[in-house]
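Reader: I have a structure open on my screen. How do I read it, feature by feature?

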2 protein chains.
Amino acid sequence: MPRPRIATIRDVAALAGVAVGTASKALNGQGSLRAETITRVRQAAEQLGFVANAAARSLQTRRTYTVGMITTDTIGRFSIPMLIGVEDALGAGRISVLLCDARDDPIRERHHLDVLLSRRVDGIIVTGRRAGTRPPIDAGPGVPVVYAFLASADPADCSVVPDEAGGAQAVLDHLTALGRSRIVHVTGPAHHHSARVRASVFPDSLYGAWSESWGRQAAAILLARGQHFDAVACGNDQIARGVTDALREAGHRVPHDVAVTGFDNWAVIAEASRPPLTSVDMDLAGLGRAAANLLLQAIAGNPATGTHTHPAHLVIRDSTVAVSP
Amino acid sequence: MPRPRIATIRDVAALAGVAVGTASKALNGQGSLRAETITRVRQAAEQLGFVANAAARSLQTRRTYTVGMITTDTIGRFSIPMLIGVEDALGAGRISVLLCDARDDPIRERHHLDVLLSRRVDGIIVTGRRAGTRPPIDAGPGVPVVYAFLASADPADCSVVPDEAGGAQAVLDHLTALGRSRIVHVTGPAHHHSARVRASVFPDSLYGAWSESWGRQAAAILLARGQHFDAVACGNDQIARGVTDALREAGHRVPHDVAVTGFDNWAVIAEASRPPLTSVDMDLAGLGRAAANLLLQAIAGNPATGTHTHPAHLVIRDSTVAVSP
DNA sequence: TCGTTCAAGGAAAACGATTTCCCTGACGCT
DNA sequence: AGCGTCAGGGAAATCGTTTTCCTTGAACGA
């Protein structure tokens with residue numbers, strides 16, 4: 001059989017016995033039409049399995065209901081929750097997401113940007129993990145851009161970043177409230193922006209790597225130092241897990257002798273630790289939603305500017321407890 | 001200043017002093033034009049920052065250079081590498097990916113499907129983690145679909161799945177070659193398709209959950225059973241890590257007394273274990289590439305059918321070693 | 001010199017919607 | 001009866017490209 005050509009609004013109009021313009025109005029609820037006409041057109045559309053061609057529509061309306069999401073570095077663990085949040089917020093507005101992975105390559109990034117512009121996306125969300133800020137992307141006029149997780153270097157751009165310092169402060173407050181006073185911070189590489197920000201609220205910090213093995217090593221260093229400590233606040237969950245394991249195996253009780261905290265609230269690590277880790281949740285899905293909503297506003301003509309911080313919150317598990325009297 | 005309207009091919013043609021048709025030919029290298037004309041048009045386009053409107057183009061060419069990727073369950077750890085592989089293979093063909101997250105909700109899935117169809121995507125990749133097969137999606141005629149990771153229930157559809165049984169067999173062969181003969185398999189829930197497939201090659205299996213704590217619990221069960229065993233092949237890396245920790249803490253040496261293997265090769269778990277885990281890598285990125293390439297072929301008019309298995313391979317680390325003589 | 005052929009590029013018809021006019025009756029009012 | 005108003009719906013312009021025809025001159029061979 002001849003492959004049944006996909007139905008156009010022409011076919012619908014013909015079947016319903018009206019003009020194409022009328023069919024369009026009936027399907028979109030525009031203009032003034034008799035109820036009977038509307039249902040006749042709708043039935044015809046239903047019968048033909050008609051789905052409006054988005055390209056044709058956006059040519060006319062100058063809206064594509066598409067936004068691009070560019071990840072600076074490769075899409076990974078941090079991008080996923082944000083992506084979900086973004087999809088969530090945009091899906092409500094019937095907007096789809098075009099995903100672009102720049103892999104830290106400026107050429108790839110430029111190429112993806114050109115593709116997005118040629119598709120006339122309604123807006124762009126830029127994300128990535130690397131540093132604290134990144135050079136703004138050049139998306140010509142009329143295309144709103146929101147930066148998520150990392151901020152644009154241009155403070156006039158609109159960015160949403162997690163409140164990492166606030167999260168760290170929450171840890172410190174929590175530990176202090178538990179009566180812990182000799183707190184050490186163990187975190188990732190000193191050149192890493194997040195490491196420095198998270199460390200900023202603690203008086204004493206050890207820099208290393210973002211890994212469990214560094215956590216174990218750091219615990220050994222702390223024990224060898226011989227100085228008393230009753231809490232270790234870690235720069236991420238993996239370090240915290242390493243610290244926890246090493247302390248336990250050295251005969252120290254976590255959380256009674258030493259409280260330990262993580263950062264990122266990565267369930268697979270934090271919940272599998274013994275004991276499960278108190279950790280900072282940056283609410284990346286919420287951050288993604290926030291970025292998407294700001295983008296929607298910008299698309300609607302109310303662009304926001306400046307860097308907005310999105311609150312983090314503490315998830316308390318068994319690795320922190322008040323000092324024994 | 002009046003916002004400079006985005007340049008169209010009309011503007012380019014006017015600036016270059018040619019007709020729009022000619023400009024189009026010059027930019028796309030069609031027809032026969034003088035070299036001088038071509039460069040003149042290209043310069044004009046460059047000067048105006050012209051980028052062709054993809055909607056208008058695809059209206060004409062009936063190609064959108066877009067494919068949709070629908071994830072059945074929520075996009076997560078398994079989708080990422082596949083997504084990267086897909087993007088990789090499609091990016092070469094200048095095709096973009098529209099990401100849709102159905103979250104196990106048939107309504108959402110139907111909605112996303114309609115959106116993709118209205119966008120006239122060139123093809124669709126369906127992925128997800130849940131079961132071994134899933135009902136085929138209803139993407140009208142003319143839109144090729146490839147299922148990745150899980151297969152379509154209709155064997156005439158085109159699917160690409162990891163060779164889980166082959167991976168498990170590779171583990172068994174590896175352990176056997178090391179002289180291990182009393183092998184126990186510890187894996188996830190019995191109702192889970194992957195658990196059963198992976199278990200199928202082992203004579204003795206314990207079903208539980210996909211977690212570290214189940215791994216620890218299983219190790220305790222094995223030790224309490226009192227039967228000798230010299231290897232534990234686990235259904236995933238988290239279980240393997242739990243098993244490893246529990247065995248070590250019970251005074252057994254891994255890998256000398258007992259060899260342990262994981263599955264999935266999830267770096268953050270496998271490499272952080274003590275010792276690092278020998279594990280099966282399903283090459284999800286490669287699987288994504290394979291699926292994308294099959295889709296490209298289908299789009300080009302050569303659809304493949306049937307379920308293709310993509311090979312897995314063993315990554316050998318320190319958790320497996322030959323039995324001491 | 002007179003067709004032929006061919007390169008070069010213009011004109012216009014698609015592609016599939018939306019939207020703006022405009023036309024036609026029916027109705028109400030004086 | 002005459003006039004304005006308004007609901008209902010048709011016709012056609014429009015969005016920005018690509019592609020198919022045409023129309024030119026110029027070169028060329030007989």
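Author: We will take helix packing, the chain interface, salt bridges and some backbone features in turn. Keep in mind that this is a predicted model.

Reader: Start with helices. How are two packed helices described?

Author: Two numbers do it. Packed helices are described by the angle between their axes and the distance between those axes.

Reader: At what angle do helix 1 and helix 3 of chain A pack, and how far apart are their axes?

Author: The angle is about 125°, and the axes lie 8 Å apart. Helix 1 of chain A covers residues 9-16, and helix 3 of chain A covers residues 35-48.

Reader: Why are helix 1 and helix 3 of chain A called oblique?

Author: Use the cut-offs. Roughly perpendicular ends at 115 degrees, and roughly antiparallel means over 145. The angle here is about 125°, so helix 1 and helix 3 of chain A are oblique to each other. Helix 1 of chain A passes helix 3 of chain A in a right-handed crossing.

Reader: Which residues of helix 1 and helix 3 of chain A meet?

Author: Helix 1 of chain A brings D11(A), V12(A), L15(A) and A16(A). Helix 3 of chain A answers with R40(A), V41(A), A44(A), A45(A), Q47(A) and L48(A). By type, this contact has 7 nonpolar residues, 1 polar and 2 charged.

Reader: Now chain B. At what angle do helix 1 and helix 3 pack there?

Author: In chain B, helix 1 and helix 3 pack at about 125°, with axes 8 Å apart. The crossing of helix 1 over helix 3 in chain B is right-handed. On helix 1 of chain B, the contact includes V12(B) and L15(B); on helix 3 of chain B, it includes V41(B) and A44(B).

Reader: Next, the interface. How much area do chain A and chain B bury between them?

Author: About 4,300 Å², with 51% of it on carbon and sulfur atoms. The contact takes 50 residues from chain A and 50 residues from chain B. Within chain A, the residues that lose the most area to chain B are E87(A), R120(A) and R274(A). Together they make up 14% of what that side buries.

Reader: What about charges? How many salt bridges does the interface of chain A and chain B have?

Author: The general idea first. Side chains of opposite charge can pair when their charged atoms come close. Across the interface of chain A and chain B, the rule finds 16 salt bridges. Over all chains, the structure holds 47.

Reader: Show me one. Where do D245(A) and R274(B) lie?

Author: Their side chains meet in a salt bridge, 3.7 Å from N to O. D245(A) sits in helix 10 of chain A, and R274(B) is in the loop between helix 11 and strand 12 of chain B, so the pair joins two chains.

Reader: Is phi of D264(A) positive or negative?

Author: Positive, near 110°, in a residue other than glycine. D264(A) is in the loop between strand 11 and helix 11 of chain A.

Reader: Last one. What does V315(A) touch beyond four places away in sequence?

Author: N265(A), L277(A), T278(A), S279(A) and D281(A). V315(A) itself belongs to strand 14 of chain A.

Conventions: Residues numbered from 1 in each chain as written. Chains lettered and ligands numbered in written order. Predicted model: local features only at pLDDT ≥ 70, side-chain atom pairs only at ≥ 80, totals over all residues. Heavy atoms only, no water. Axes fitted to C-alpha atoms, helices over the stretch in contact; angles between N-to-C directions. Helix = DSSP H or I, 4+ residues; strand = E, 2+ residues; numbered from the N terminus. Left-handed = near helix turned anticlockwise from the far one by under 90°. Contact = heavy atoms within 4.5 Å. Buried area = accessible area lost by both parts, 1.4 Å probe. Salt bridge = Lys/Arg side-chain N within 4 Å of Asp/Glu carboxyl O. Parallel < 35°, antiparallel > 145°, perpendicular 65-115°, else oblique. Nonpolar A, V, L, I, M, F, W, Y, C, P; charged D, E, K, R; others polar.
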